Amino acid sequence: MLDLVTIPFSHYCEKARWALDRAGLAYRERRYLPGLHVWAARRALEGTGAGRADAHSSRFSTPILLGAGAPLADSSDIARFADPSLFDDPQAARLDGHYGEALGPHTRRVAYWFCLEEPAMLFALAKKNAPVPQALALRLAFPLLAGRLREGMKIDRAGYERSLDVTRRVADEAAALLADGRRYLVGDRFSAADLALASMLMPVVMPPPEHCGAVLPQPEALSEAPRALAREMRAHPAGAFAMRMFAEERWRR
Ligand SMILES: N[C@@H](CCC(=O)N[C@@H](CS)C(=O)NCC(=O)O)C(=O)O
C-alpha cells in the first residue's frame with residue numbers, strides 16, 4: 001500500500017494526488033498541517049537520503065510518497081511514477097518544471113498572504129482538510145506559526161505584490177499557448193503540462209470541492225481581495241483552462 005504524506009491544501013500535493021488518482025493507484029493520504037508536516041516528513045525520510053531543499057521549499061517539503069521503493073519527495077517524481085506517459089513529450093516535461101518553479105511558489109505566496117491577513121480563512125481550511133486535533137493545534141500555535149510562514153516563504157506586502165505580478169505573467173504566457181484553441185497544452189492528450197498548470201493555479205482559481213482533492217473556499221465565501229482575484233483568474237484564459245482541467249480531468253482514469 002502506498003502512503004502519501006501531504007499538506008492537504010498544498011497545490012504540489014494536489015498535483016501528486018491527481019496523478020495517483022488518475023493512474024488508479026490506491027494510497028492512504030496522511031494529512032498534516034503546515035508546521036506539523038515537518039515531524040511526519042522527518043520520520044518518512046529518516047535515513048533514506050531522500051528529500052532535498054530547493055529555492056522555495058525545505059528538505060521536509062510535501063508531497064512524499066512512501067511504499068514505492070525509496071521515498072519520492074517531489075510532486076513531479078510522484079507524477080512520473082504514477083504515469084510516465086504524462087511526460088512522454090519533452091515539451092510537457094519542460095512545462096511541468098516551468099510551472100512548478102515559476103508559478104507554484106507565487107500562487108502559494110499570494111494565497112498565504114490572504115490567509116495570514118485573515119487567519120479565519122486558514123482556520124477554515126485547516127478544519128475542512130485536516131484531522132480536528134491538528135486544526136485545533138494550528139489555532140493555538142498560530143502566532144508562532146504565522147511568523148515562521150512569513151519568514152520561510154517571504155510573505156510580506158512587497159512579496160505578495162511581486163508574486164501577483166508573476167502569477168499574471170505566467171498565466172498570460174500559458175494563455176498565449178492556448179490562444180489557438182487547443183484542448184491541451186501539449187499534443188492532443190492530457191499531459192504533465194496540464195497537470196502542473198492546473199495544479200499550480202489551484203490556490204488562485206479555487207476549484208470547487210467536487211473537482212478537487214482538497215476542500216477550498218469558493219469565491220462567494222471570501223472577502224473582497226481574494227474573491228476579486230479568484231474571479232479575475234477564473235475569467236482569465238489560463239485560469240478557465242485550469243478550471244476545465246479540474247472539471248473534466250480531475251477524476252478521469
Ligand atoms: N518541488 C517540490 C515543492 C514542494 C513544496 O514546496 N511543498 C510545500 C507545500 S506547498 C511544502 O511542503 N512546504 C513546506 C516545507 O518546505 O517544509 C514538489 O514539486 O514537490
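The largest nonpolar core of this predicted model has 71 residues. Helix 9, residues 192-205, gives the most to this core, with 11 residues. Both domain 1 (2-85) and domain 2 (87-249) supply at least three residues each to the core. In soluble globular proteins, nonpolar side chains tend to be buried together.

**Core**
- Seven residues have the most contacts inside the core: A16, A19, I64, L197, L201, V205 and A242.
- L201 touches T107, M233, A238, G239 and A242, leaving aside residues up to four places away in sequence.

**Ligand shell**
- The ligand is surrounded by 17 residues.
- The closest are S10, S57, S58, S61 and S75.
- By type, the shell holds 10 polar, four nonpolar and three charged residues.

**Helix 2**
- Helix 2 covers residues 37-45, and its buried residues are H37, A41, A44 and L45.
- Viewed down the helix axis, these buried residues fall within an arc of 85 degrees, so they line one face of helix 2.
- The face turned away from that buried side carries W39, R42 and R43, which are exposed.
- Strand 1 (2-6) and strand 3 (64-66) are what the buried residues of helix 2 pack against.

**The cis peptide bond**
- T62 and P63 are joined by a cis peptide bond, with omega at about 5 degrees.
- P63 sits in the loop between helix 2 and strand 3.

- K154 is not a glycine, yet its phi is positive, at about 50 degrees.
- The loop between helix 7 (132-152) and helix 8 (157-178) holds K154.
- K154 counts as partly exposed because it has 15 C-beta neighbours inside 10 Å.
- M206 is also a residue other than glycine with a positive phi, near 50 degrees.
- M206 lies in the loop between helix 9 and helix 10 (224-235).
- M206 has 26 C-beta neighbours inside 10 Å, so M206 counts as buried; the cut-off for buried is 20 or more.

Notes:
Residues are numbered from 1 along each chain as its sequence is written. This is a predicted model: local features need pLDDT of at least 70, side-chain atom pairs count only at pLDDT 80 or more; totals for chains, interfaces and linings use all residues. A residue is near a molecule or strand if its C-beta atom, placed from the backbone, lies within 6 Å of it. Ala, Val, Leu, Ile, Met, Phe, Trp, Tyr, Cys and Pro count as nonpolar, Asp, Glu, Lys and Arg as charged, and the others, Gly among them, as polar. A nonpolar core is a set of buried Ala, Val, Leu, Ile, Met, Phe, Trp, Tyr and Cys residues joined through C-beta atoms within 7 Å. A residue is buried if 20 or more other C-beta atoms lie within 10 Å of its own, exposed if 12 or fewer, and partly exposed in between; C-beta atoms are placed from the backbone. Helices (H or I, at least four residues) and strands (E, at least two) are DSSP runs, numbered from the N terminus. Domain bounds come from an automatic or database domain assignment. Two residues are in contact if their C-beta atoms, placed from the backbone, lie within 7 Å. The arc is that of the directions from the helix axis to the C-beta atoms.
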